Each structure stands twice: as structure tokens, then as C-alpha cells.
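Please find below a short note on the structure under review. The points are set out by region, for reading alongside the coordinates.

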Amino acid sequence: KKLIRRSWPYVSKYQSSQCFIFKVRDLLDKSGVIALISISSNFQNELSIDFRRRFIATFSIRYLINISNVKDITFGEQSEPAVILIYTNKVSKNKINVYSLEPSVFSQITKILVDKKEDENGQIAEEILENNLNWTPYVLGYSDYLSTIDRIYKNSTPLDRYAKDCQVGVMKHSYEKHGDKENFYAKFFSDFPKEGYYPLVDSIKNIENYKKPEISRYVDYKNANLDRQRNLELFKGKKLVITRSWPLKVFVDEDLVIYDGNFIIFNIKKEFEDYLKFFNYLLTSKLAYFYFSVLRLQRDKGNFQKINKSSILHFPVPHIDKKLLELVEKCKSSEQIDQLIYHAYNFEYKYVQEIEDFYRTSTEKYTLVTKEDIVQYIDEFESIYQSLIENNKNLNFKFYFSDFIGSILQIIITNEKQPFEFNTIRYDKLIGLIVKRNIINKKIIREY
């Protein structure tokens, strides 16, 4: 650590990979090119801004290739999100060309990766650096969404304005100070209420939006001397509780409950307590999902995707008035909540559609045909043709589906009505079924 502080003072959190990115310059001649794989957080993390500033001042990036989305193919599902970096010694007006490799059924089967697109015009590196936020969308291939991000910021106010206090919860594992783990828990924790003990929530399991979680246990908060001990006032009064894990889960709590480091506690100023429900809806909306995914998500596709406290405090809040708060009370579904949020930002149709499309493609697994599509098709088919079938006969349906090449709907006439079968099978099994049933000529299959 002393060596890093002395030789690379601009490196964040003693990150050895950042040191290596600079050290490899010793192998570079004047006209040479460096190509290496780096963890993507070096070019996303809010703590690494000094590293990025120095990097741009020292080198010129030719290509930045995001491979975070295909890491289960490249280095395995549990590996860190990564980028391929190709750079040279510094030249003037450096433009970065960005690729983003996206997963597909084809790549899963063949292990061949195909680039999504290239930003042919590039982006001047110094211009990216002027706004630290812009690094994340460029690393992730989201630069096309920056105009929508700008629209979200228009006439907005940071959420920080409404906060009396905002902190990450306590870190309870300080048993090193008190001996072994078992003695520590036996001494300061209880599964049942006790005098002088406070309720504690220390797990994100089964956390739901808008719903207070069950108490995990009780803690002797004043005597446990926990790591990162917070003032008890943080946990009092009306507040938003937000999971740090992704996607966010948010709820309102008015009771005195201790939350551990899995949570961010947003203690609101008294004059804004009526806004809590709106903030709860806002942070769990599709718009917030879009905003955090494009700009603020740490460790994209990583083993622990999370949102930092500063990202919550920087969230742009639209103008809030009495009429908006009245509309909040009328919301009964997630669809109504999202429409309310779009209305609050006074969004034009194109921005609404972009966010809706982003949310759908980010959260829904891509399939050629969905089960709902097939059920609807069967209902329509049966309503038309069942009347043409002789008495005491029934139409029955079996559906075989493969992500890679499509699907088959098998229709059978039997004496008894049978439940609809939906079968997901491998592409080679589906081809075998096609050949066996003589649905397509074998010659065509071989050519395919």
C-alpha cells in the first residue's frame, strides 16, 4: 500500500489492476499498441475518477470493448465484469470507439461472439471525462441513451435536498473485538425481544417493495460496539429503506428498527414526510430502473450488483406539488405508478417508449414465441375448429419450443380432453422431432 501511494497516488483503493495498466507502459515503444483485459469497474466506479483522469492524460484509447454481458461465455458466470482495452501513447484529440458484445442463443451454442454495433464517430476522450457519469454508459454500450438521461435531469432536484440523513446501515460483524463469533452473538443478540434490545433486519431475503420486512433478531445496540455504528437517530422516525442490491427494493418504515449494511436508510426531513410514498414509487419505477442501469449501477453483471448511497442522493427528482401527491394516493398498480412518474417528468412519448423498451429487454428473457402467445393461438384455433370435429372427439395440443430455431405446435384429435403440454427442448431434439414426424424433408434439415 505504501508503494502504491508513493508511485501511483491517483489509483483508487489500492487497486492493483490500475497500477498494472500504467506499469505495462514500460513495455511500450513509441509506436506500440497495448491490448489488455481490465475489470470494468476501473472505468465505471465513482471512486476511480482520478485514475481515469490520469489515464486519459497519459494514453489514448482506440477501442473499449465491453464483454461484461457475455462473461458466462468468456470467463464464467462468477467472474468479474470486464472490458477489452486497446490503447497507445497519448495523441491529440483521441476518439474512443466503443463495442458492446451482447449474449444470444447463437453465441451460447457456438461460443462465437458478435459485436452489437460500433460507435463509428467515436467520442473524444476528454469530453467523456468532463462528465464522470458518461463513462458508465460508454463502457456498457449505453451512450445512445444519454439524451434521455439529460431529459430526466431537466428541471429536476437531487434527492439529497429532502434528506435529513442518509447512511448505509450498520456492519454487525465486529466479533473480532469481542472474541469468537459464537460468544459475540450469544452476548449481544437475541432471537426474542429483551429489555434494552432493538429489532434488527440483517437479510435482504424475501424483501418486497412497499412492504416492511420481518424482524431477523434483536440486538443490544448500545453495548455491542458494532462496526460502522450509526447514531440511533438515523433509525427513528419516517424513512425510506432501500436495498443496496440490484434491482432495488424500497419500503417506508416509521418504527425504530436497526438495519444492517445491506440497506441504505434515507431519513427524510420532517417538512417533506408527505413525499415518502411518492419517493417510494419513484425509486421503484421503470424510469428509476433505466436511470440506475445506464448511469449508476456498480459491478454490472457482477456477483454483487449494487447501488451506492451517493447514487441515491444524486437521483434527479421532478417538481412535486399538491396535485401530484393527490395522484399518488390514487395509484393501484405498477402500470399506474409508471404512468404517474412519466407524467411527473412531463415526458414526451419517445422518452416513455425508450424506457419501456429498455425495461422490457433488460428484464424479460428473449424468446421467439412466449407461452402466452401459444395459449392465445390455441384458444383462437379451438374456438374455430372444435365445432367441425365429430361428436365425442376433442382437440388436444402439444407445444415444443427451442430458443434457437423456433417451435412446433402438435394438434391431436382424441376421445378425451387432455391438458395442454408446453415443452422446452434442446434445438437438436426439436430437429429430431421434426424429422421423425416428417414435418420437413430430411434434405432440408441437412442443408439447414
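The numbered points that follow concern a predicted model.

1. The open sheet. Four strands are arranged in the order S8-S15-S12-S13, and the pairing is antiparallel. The edges are formed by strand S8 (163–168) and strand S13 (250–253), each of which pairs on one side only. From one strand to the next, the twist averages 20°.

2. The S12 and S13 pair. Strand S12 (residues 239–243) runs antiparallel to S13, and the two are joined by 4 bridges. Within this pair, Leu240 stands opposite Val252 of S13.

3. The helix on the sheet. Helix H10 (residues 276–283) packs on the sheet, where it touches S12, S13 and strand S15 (263–268). The direction of H10 makes about 15° with that of S12.

4. Helices H13 and H14. Two packed helices are described by the angle between their axes and the distance between the axes. For helix H13 (residues 322–330) and helix H14 (residues 334–344), the axes come within 10 Å and cross at roughly 170°. An angle over 145 degrees counts as roughly antiparallel, and H13 and H14 are therefore roughly antiparallel to each other.

5. The contact between H13 and H14. On the H13 side, the contact is made by Leu324, Leu327, Val328 and Lys330. H14 contributes Gln336, Leu340, His343 and Ala344. Sorted by class, the residues in this contact are 5 nonpolar, 2 polar and 1 charged.

6. Helix H8 and its surroundings. Which residues of helix H8 (residues 146–153) are buried? They are Leu146, Thr148, Ile149, Arg151 and Ile152. After H8 comes Asn155, with a positive phi near 55°.

7. With neighbours within four places in sequence left aside, Thr58 is in contact with Phe22, Arg25, Asn89 and Lys90.

Key
Residues numbered from 1 in each chain as written. Predicted model: local features only at pLDDT ≥ 70, side-chain atom pairs only at ≥ 80, totals over all residues. Heavy atoms only, no water. Axes fitted to C-alpha atoms, helices over the stretch in contact; angles between N-to-C directions. Parallel < 35°, antiparallel > 145°, perpendicular 65-115°, else oblique. Contact = heavy atoms within 4.5 Å. Nonpolar A, V, L, I, M, F, W, Y, C, P; charged D, E, K, R; others polar. Buried < 20%, exposed > 50% of the residue type's maximum accessible area, 1.4 Å probe, protein only. Pairing = 2+ DSSP bridges.
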